[in-house]
Amino acid sequence: MFKGVSEMMPDPDMALFVRKITSHGSMRICSEAFKLAMQRKKRWRQFTRPIPF
């Protein structure tokens, strides 16, 4: 990807933002979120479902 502004607003009701997200970064965010969720007193559940394509 190139350096530059990747935000655009085609009309007042829509805003678009594009950026590169790596799998390593995504896994790091998810693992930290699950660590925080496990520290809570309430129970948490993980649901998975297939992505409809």
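M9 is located in strand β1 of this predicted model, strands being DSSP runs of E with at least two residues and helices DSSP runs of H or I with at least four, both numbered from the N terminus. The model is predicted, and local features therefore require pLDDT of at least 70, side-chain atom pairs count only at pLDDT 80 or more, and totals for chains, interfaces and linings use all residues. Residues are numbered from 1 along each chain as its sequence is written, and side-chain values use heavy atoms, with hydrogens and water left out.

With a relative accessibility of 56%, M9 is classed as exposed; the cut-offs are under 20% relative accessible area for buried and over 50% for exposed, with partly exposed in between (1.4 Å probe, protein chains only). When neighbours within four places in sequence are set aside, M9 is in contact with M14 and A15, contact being defined as heavy atoms within 4.5 Å. Strand β1 as a whole lies largely in the open, because zero of its five residues are buried.

Strand β1 (residues 7–11) runs antiparallel to β2 and is joined to β2 by three bridges; two strands are taken to pair if DSSP finds at least two bridges between them. The bridge partner of D11 in β2 is M14. Two residues separate β1 from β2 in the hairpin that these strands form. In a regular strand, side chains alternate between the two faces of the sheet.

Within strand β2 (residues 14–17) lies L16, a partly exposed residue with a relative accessible area of 36%. Residues up to four places away in sequence not being counted, L16 touches S6, E7, M8 and P10. The C-alpha atoms of L16 and S6 are 8.1 Å apart, although ten residues separate the two in sequence. L16 also contributes, together with M8, M14 and V18, to a nonpolar surface patch of about 330 Å². Such patches consist of residues with over 30% relative accessible area and no salt bridge, nonpolar side chains (Val, Leu, Ile, Met, Phe, Trp, Tyr) being joined within 5 Å and like charges within 9 Å.

E32 forms a salt bridge with K35, the closest N and O atoms lying 3.4 Å apart. The criterion is a side-chain nitrogen of Lys or Arg within 4 Å of a carboxyl oxygen of Asp or Glu, and the count under this rule is one salt bridge. E32 and K35 are separated by about one helical turn, because they stand three residues apart in helix α1 (residues 23–39). Both partners are partly exposed, E32 with a relative accessible area of 42% and K35 with 47%.

At the level of the whole chain, the protein contains one helix and two strands, arranged along the sequence in the pattern β-β-α. Of its 53 residues, 4% count as buried. The protein exposes about 6,100 Å², of which carbon and sulfur atoms supply 60%; accessible areas were computed by the Shrake-Rupley method with a 1.4 Å probe, and for residues only the protein chains shown count as cover.
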